[in-house]
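Please read this short report alongside the sequence and the structure, and look for each residue as it is named.

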Amino acid sequence: MMKLQFQPLSAEVPVLFRVVELPQKQHLCKVKSLNKGDANSEVTVYYQSGLKNLREHALMELMVMHMEEPCFDFLRTKETLGTEFVEAKIEEFLVSFGERLSGLSEEAFKTQVTALIKLKECEDAHLGEEVDRNWFEVVTQQYVFKRLDKEIEALKLFSQEELVSWFLEHRNSSRKLSVHVVGFGAEENDSPDQSDACSPATPDNPPSSAYGEVSELTFLPASSPSLQDATLITDIRAFTSSLNLHPYHKILS
């Protein structure tokens with residue numbers, strides 16, 4: 001303490017995480033994998049709905065519950081596909097899900113609501129689970145220790161029309177960010193010498209260990225017509241630093 005000569009802060013300053021507000025236009029960040037020995041690619045599509053309250057948070061949980069099984073059935077495949085084809089399938093699923101949601105029976109809707117309520121009513125399985133749930137309220141400085149009860153009360157008041165309306169309103173939002181990490185292989189239009197890194201290792205061809213082998217990101221253009229209107233990100237730091245930040249908010253009520 002004497003050597004460092006530090007002083008306590010004048011006031012407690014917790015770390016407040018804030019989220020950037022995406023522009024009203026789809027953006028695409030498509031980069032080559034840093035691992036030359038990996039043929040796998042990954043697609044993450046992020047749709048931003050904006051700030052939310054406790055009731056809207058519960059509504060989104062209910063929507064995800066409706067979406068989970070049909071999404072898995074629609075998107076799972078054993079085929080080897082390129083990243084842009086996968087993104088097109090995600091968009092195709094969302095169209096079909098909107099139709100499915102609009103045609104949902106009142107009984108099916110109530111069944112899902114009841115199932116989610118029962119999950120929230122379950123007692124903590126062990127002490128660690130209870131500690132984690134309550135400690136989250138402390139570290140985020142929200143202190144809503146009866147959060148599950150409040151969410152259950154909100155769920156009981158939801159209507160099917162409200163769920164459909166929320167989905168359709170936010171589905172048409174243009175605040176969308178697509179991130180493609182492209183592996184090495186013929187499916188991603190690599191030449192044979194580039195995809196050699198993915199071939200089986202032999203004494204004459206030792207496996208390439210690959211993390212750190214590529215020293216910088218290689219940004220790629222979009223190739224499919226469906227992504228031609230997306231704005232390409234070629235400098236991640238410049239893109240994020242140009243965006244507005246949402247105000248820090250807590251989901252209290």
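## A buried lysine and its partner

In this predicted model, Lys176 has a relative accessible area of 9%, and because this value is under 20%, the residue counts as buried. The side chain of Lys176 meets that of Glu91 in a salt bridge, with a distance of 2.6 Å from N to O. This pair links distant parts of the chain, since Lys176 lies in strand S3 (residues 176-182) whereas Glu91 lies in helix H2, 85 residues apart.

Glu91 also meets the side chain of Arg171 in a salt bridge, at 2.5 Å from N to O. Here too the pair links distant parts of the chain, with Arg171 in helix H6 and Glu91 in helix H2, 80 residues apart.

## Other salt bridges

The count of salt bridges comes to 12, and another of these pairs joins Arg133 with Asp124, whose closest N and O atoms are 2.5 Å apart. How exposed are the two partners, Arg133 and Asp124? Arg133 is partly exposed, with a relative accessible area of 30%, and Asp124 is likewise partly exposed, with a value of 26%. Elsewhere, salt bridges that share partners join Glu87, Glu91, Arg171 and Lys176 into one network. As a general point, side chains of opposite charge can pair when their charged atoms come close.

In soluble globular proteins, nonpolar side chains tend to be buried together. The largest nonpolar core of this model has 22 residues, and those with the most contacts inside it are Leu62, Leu155 and Phe158. At least two residues of this core are supplied by each of helix H1 (54-75), helix H2 (83-102), helix H3 (106-121), helix H5 (147-157) and helix H6 (160-171), and the largest share, 5 residues, comes from H1.

Which residues does Leu155 contact, leaving aside its neighbours within four places in sequence? They are Ala58, Leu62, Val113, Leu116, Ile117 and Lys120. A second, separate core has 7 residues, among them Cys29, Leu177, Phe239 and Leu243.

## Confidence in the model

The mean pLDDT of the protein is 86, and 86% of its residues reach 70 or more.

Notes: Residues are numbered from 1 along each chain as its sequence is written. Side-chain values use heavy atoms; hydrogens and water are left out. pLDDT is the predictor's confidence in each residue, from 0 to 100. A nonpolar core is a set of buried Ala, Val, Leu, Ile, Met, Phe, Trp, Tyr and Cys residues joined through side-chain atoms within 4.5 Å. Buried means under 20% relative accessible area, exposed over 50%, partly exposed in between (1.4 Å probe, protein chains only). Helices (H or I, at least four residues) and strands (E, at least two) are DSSP runs, numbered from the N terminus. Contact means heavy atoms within 4.5 Å. A salt bridge is a side-chain nitrogen of Lys or Arg within 4 Å of a carboxyl oxygen of Asp or Glu.
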